[in-house]
Amino acid sequence: MELSKEKLLWMYQKMVEIRQFELKVDELFKKNMIWGTCHLYVGEEATAVGACAALNPDDYITSTHRGHGHTIAKGADIKKMMAELLGKETGYCKGRGGSMHIVDVSTGNLGANGIVAGGIPIATGAALASKLKKDNKVTICFFGDGAANEGVFHESLNMAGLWKLPVVYICENNLYGMSNPVSKSTAVKDIAQRAESYNMPGVIVDGNDIVEVYKAVKEAVDRARRGEGATLIESKTYRWLGHSKSDPRVYRTREEEEEWKKKDPIKRFEKYLEETTDITKDELEEINKKVEQEIEEAYQFAINSPDPRVEDLAKYVYA
């Protein structure tokens, strides 16, 4: 399962885009330029990018309330994302959806979702549609550890196992459902164990190792495309920041956070590239500079975009 230099550089750039985008959003939120709340993806970049790297452009994903990383990894326009977060008319949902509801059907992103586990039945339905239409598309369903205890998780996986649907369920286990540790909310040690109940493989990956994530997801995607059904992947990772912007993180220690920061997925990938490929530090630095400029351009696009008109308040809200 060799990865080309072009693909490796794409994966690196996407991780850097997610990191820098989220840090910019954090800055803007602190300046009261973003309303509502945000659930930032800093620290989990390898899971979204490793998974989406295994898909075709016309395959589908469903996302979560912590969806910026998935959206960028699937190829979203960062300018439109920034505009949406700032409530502008040029945003993906014309400023009506905000952080938790970005949808980009053109890239196969069926949407982020403010409801815990809300994307799981949507992904299952998309996979059922693909099977009925025989369009050879695969759906990746991202969700958190907390969602794995919702009833719809079990109902959906049962259907997918029964009907051999082309879907890959990826549980991003970042150890906490809001402030609740997985160990206090989940009866099994590993969420991937639950796959056995639904007649599908259950796989555990290091969610901070992008190559490991890619290989596991690629195998699951290929399996789904061959008509062999669903897979449940548990990606063990960690969010560096709070659950949302109002979270003081009193339920975990700063020492724990520092230990996980030592496993920074971007730094780990840099080390991997330097040790196993001919990609140079200069090439990686060039990508960092390029992304920095891209984020600044997205910010300028957003702040210079028009606000929605009061007269159009009810437009684009109902389908």
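Helices (H or I, at least four residues) and strands (E, at least two) are DSSP runs, numbered from the N terminus. Welcome to a predicted model, in which local features need pLDDT of at least 70 and side-chain atom pairs count only at pLDDT 80 or more, while totals for chains, interfaces and linings use all residues. Residues are numbered from 1 along each chain as its sequence is written, and side-chain values use heavy atoms, leaving out hydrogens and water.

View 1. The C-alpha trace spans about 50 × 50 × 40 Å along its principal axes.

**View 2. Helix α11 covers residues 281-303.** From first C-alpha to last, its 23 residues reach 33 Å, close to the 33 Å expected at 1.5 Å a residue (1.5 Å times one less than the number of residues).

**View 3. Here is the buried side of the story for α11.** Its buried residues (under 20% relative accessible area, 1.4 Å probe, protein chains only) include Leu284, Ile287, Val291, Ile295 and Tyr299. An α-helix has 3.6 residues a turn, so residues three or four places apart point the same way. The buried residues of α11 pack against α1 (5-30), α4 (78-85) and α10 (265-276).

**View 4. Buried residues make up 53% of the 319 in the protein.** Of contacts (heavy atoms within 4.5 Å) between residues at least 6 apart in sequence, 74% join residues at least 24 apart.

How values were computed:
Buried < 20%, exposed > 50% of the residue type's maximum accessible area, 1.4 Å probe, protein only.
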